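Q: I'd like to talk through this model with you. Could you start once it is on screen?

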Amino acid sequence: MLTKAIEIFEGVALRTNPELAVRLLGALPASAITAMQEARFKRTLRLAAARSPFYREQFRQRGIDVRRITRPSQLGDFYTTGEDLCTFGAEQFLTGRADTAFETTGTSSPAPKTVFFSRDEVATMGRITAIWLYLLGLRPEDRVLSAFDCSFWVSPWVLRSGLEYLKCFHVEAGKIDPDDFYERAKSYQPTVIFGEPSWIIRLSEVARHRGVWPLKFLFAGGENIAESSRSMVESVWGAPIYLNYGQTESFGALGAECRMKDGYHRNDLYFFFELDNVDDGYGEVIYTTLARDVMPLIRYRSTDVARLVEEPCDCGVFAGRIGKIRGRCDEMVVCGMGNVGPWVFAEILRGVEGVEDEWQVVVKQEKRQDILELRLETTNGTTQADLQGAILVNLRDRFSDFWKNYEMRLYDLRIIPCASGSLRNGRKLQRVVDQREMLTK
Ligand SMILES: [Zn+2]
């Protein structure tokens, strides 16, 4: 009964104007949010157990009676992984009729993960997105240009769903070459630009040479940004760049930066966050969806490592935070090339003559560009030049998106032949090593 009253209050708050919504939601005591999370969690769990073949079977096998569970931690060592989505197929998770789907790259295999949503869910997340963008300063008179990749990717939709409420002028460029974008954007005089961090860095380099126009802010999502690159972008435009933290599985908004840019304010209304394998306060971010009817996810492993921050933020917003992302706990790397894991490089190297089974990819950053060093053990006499041509042809023919980003110079690929037996110095060779330093505090 109390929870119902809180939900009605929340519903009214979300439908008012964004400024009032933040004040109303901020007035909810922490105990009310906890009570609502618990009620929504129980509802989500019962829905999953009743309608999703995957969850029904998993709970049956483990002897979990969902009627007795009130908090995610009571599920013990049960988690949902990206591998589960790939192995069982997204249809096994469905609990209702889907209206749309998005895809995201698999961690250890080329099979994309599919995530289904309803229009109602998209609209609900749009309200939260709108409130957040309003807090950052976006107003109906602003002119938005976005350059998110539109191919099966959730980000352009997340943005559009938010702008439905804010009603500003919006042009979708798609992820085109930053040179081309710069020339075409000028005539619209956008005040706010959305894109991926590595793309925005390249756009800012173009703008530094050719001139800027007044911007209110830039907003990036899809990957991390080094603080030195953030400073460069901000000094070129004389405007802040804010980051979003989200995944396709969550329809974008797990959290977003505020003006303080010190971690991402969490969306605790629609997600329950936990950490697993905690070491020194940092652990893998786990989330349970609380407001999804079509494809709920119970204790989903994000594979991102961060901490949960409960201390109040200087910006005054009530929501707790996810600290800056420290890294990933699998070998997947999100960089200017895209979301890449070992299988991507295995596929690029397939059929290249002179390469042995041992290879390693090291991701670095030089002059704000991601550099991917392919260190390859080679058979005698194979030169860098021999390898380069074949590898680039495979990249172009087998991964059109990664090739596009190569042509846009969002990253560089360096081929480094190594002596046979030189790479492995332990039992397991780590295939992808991320040496970029993103975290400054
Ligand atoms: Zn804040």
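Q: Which residues line the largest cavity?
A: This is a predicted model, in which local features need pLDDT of at least 70, side-chain atom pairs count only at pLDDT 80 or more, and totals for chains, interfaces and linings use all residues. Residues are numbered from 1 along each chain as its sequence is written, and side-chain values use heavy atoms, with hydrogens and water left out. The lining of the largest cavity consists of Phe117, Glu121, Val122, Thr124, Met125, Ser250, Phe251, Tyr270, Phe271, Thr289, Ala291 and Arg292. A cavity here is a set of points, on a 1 Å grid over the protein atoms alone, where a 1.4 Å probe fits but cannot get out, and lining residues have an atom within 4 Å of a point.

Q: And which helix gives the most to that lining?
A: Helix α6 (residues 119-135) does, with four residues; helices are DSSP runs of H or I of at least four residues, and strands are runs of E of at least two, numbered from the N terminus.

Q: How much space lies in the largest cavity?
A: About 90 Å³, where a volume is the space filled by probe spheres set on the grid points, which are joined across faces, edges and corners.

Q: What about the second largest pocket, which residues are closest to its centre?
A: About 470 Å³ of space lies in that pocket, and of its 19 lining residues Arg40, Arg43, Thr124, Tyr270 and Ala291 are the closest to the centre. A pocket is an open set of points with protein on both sides within 12 Å along at least five of seven lines. The largest share of its lining, six residues, comes from α1.

Q: Changing topic, which residues coordinate the zinc ion?
A: Cys258 (SG), His265 (NE2), Cys313 (SG) and Cys315 (SG) do so, at 2.1 to 2.3 Å, with donors being N, O and S atoms within 2.8 Å of the metal (3.2 Å for Na, K and Ca). Their spacing in sequence is C-x6-H-x47-C-x1-C.

Q: Why does the arrangement count as tetrahedral?
A: The four donor atoms subtend angles of 102 to 115 degrees around the zinc ion, and four donors count as tetrahedral if all angles lie between 85 and 135 degrees.

Q: Are Cys258 and His265 buried or exposed?
A: Both Cys258 and His265 are buried, meaning under 20% relative accessible area with a 1.4 Å probe and protein chains only, whereas exposed means over 50% and partly exposed lies in between.

Q: Where is Asp280?
A: Asp280 is in the loop between β10 (271-279) and β11 (282-289), and it counts as exposed because its relative accessibility is 65%.

Definitions and conventions: Tetrahedral: all angles 85-135°; square planar, octahedral: opposite > 155°, others 65-115°.
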